Amino acid sequence: MRQPSAGEALASALSAEYAAIYAYGRIGVRLTGAARDAARQAEAAHRRRRDALVVQLTTGGGVVPPDRAGYALPFPVTDRASALRLAAEMEERTAAHWRAALASTTGADRDQALAALVEYAVRATRWRKTAGSTPLTVPFPGRPT
Amino acid sequence: MVLTWPVGIGRTTQRDQTSGHSRRKLLSAGALLVLGGAVTPLTGCDLFDRDDQPAPPPDPLRPMVDESLALAAAYRASATAHPELADRLNPIAETHTAHATELARVIGVTLPSPASAAPTTAPAADPNSARAGLRALEKTAQQSATAACAAAPAERAALLGSIVAARATHQEALK
């Protein structure tokens, strides 16, 4: 399989960030208290990365994929438990896109991809902890299963 | 431009080493050609083999195999000393063994026996200190994996990134 270019890999990470931001809109309303605050912080982190990517891709002359009005969620969010499960799932999914970008990048771009992968993997672990689910970690965060 | 990539320090070093090696080879090849007419090839080879064909340098990921096995051993030792933590620690020990297995496969070596990776220090007597000790080990290991990921060729970067992330999540899980 052809190795995607750095621009393609980052564009794919951007699409994943759009979807995560959309999902957190559905997640936040099912949570209360500290979990709701955590969801708000997580969503803000995804928005920051989205904004940075839009700037980076635009400046670099790359293709900026458009955001969409809605994204298909892997399962319906109906209560706190499903909201926490989706939050962990969205972190793992965005982590996977940043992991994929590692191979296409070097230097500062790879550092940035690794920082995102680590941050999202850790946050997925936190969501599992909040949900009381085990195991808290996966052996190869971001690796397609 | 944002999408230009400064070359990492580790990378530069690696490339230099490689090109240094090629240069030596090239020079020796030239020398052999020059000598070719006058000296018998056998003498030439003997002369140059000693200097020019060192054992291949060890794979830069080789230490990470041992590091992963040592981490697995440290978790198992803590789980034995504190059975109440075993449910939490054993899955992480298995993850480190899985990392070692995958790294060994990638660099093409046989996985050393786990027994060879005895933990260097005994786990702390109280469970909280034992967890703190493991967290400290993970933090150091995360740093070494981060450096390895930054310096790695494309085909190894994703695996190393997952190992960095796993070590970070273990610190979170131990809190």
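1. In this predicted model, 29 residues of chain B are in contact with 34 residues of chain A; two residues count as in contact when their C-beta atoms, placed from the backbone, lie within 7 Å. On the chain B side, the elements that give two or more residues are helix 4 (86-107), helix 5 (127-151) and helix 6. Helix 6 of chain B gives the most, with 14 residues. Helices here are DSSP runs (H or I, at least four residues) and strands are E runs of at least two, numbered from the N terminus.

2. What is the make-up of the side of chain B that touches chain A? There are 19 nonpolar, seven polar and three charged residues. For this count Ala, Val, Leu, Ile, Met, Phe, Trp, Tyr, Cys and Pro are nonpolar, Asp, Glu, Lys and Arg are charged, and the others, Gly among them, are polar.

3. Now for one helix pair across the two chains. Helix 4 of chain A (residues 107-131) packs against helix 6 of chain B (residues 154-174) at an angle of about 40°, with the axes 8 Å apart. That angle makes the pair oblique, the class left over once angles under 35 degrees (roughly parallel), over 145 (roughly antiparallel) and 65 to 115 (roughly perpendicular) are set aside. Axes are lines fitted to C-alpha atoms over the stretch in contact, and angles run from 0 to 180 degrees between N-to-C directions.

4. Which residues make this helix contact? Helix 4 of chain A brings, among them, A:Leu114, A:Leu117 and A:Val118, while helix 6 of chain B brings residues including B:Gly161, B:Val164 and B:Ala165. The contact residues divide into 10 nonpolar, three polar and three charged.

5. Chain A itself has four helices and zero strands. Its C-alpha trace spans about 40 × 35 × 25 Å along the principal axes.

6. A residue to look at is A:Arg30, in the loop between helix 1 (6-28) and helix 2 (33-59) of chain A. A:Arg30 is partly exposed because 19 other C-beta atoms lie within 10 Å. Leaving out residues up to four places away in sequence, A:Arg30 touches A:Val77, A:Asp79, A:Arg80 and A:Ala83.

7. On conventions: residues are numbered from 1 along each chain as its sequence is written, and chains are lettered from A in the order in which they are written. Local features need pLDDT of at least 70 and side-chain atom pairs count only at pLDDT 80 or more, whereas totals for chains, interfaces and linings use all residues.

Note on methods
Buried ≥ 20, exposed ≤ 12 C-beta atoms within 10 Å, placed from the backbone.
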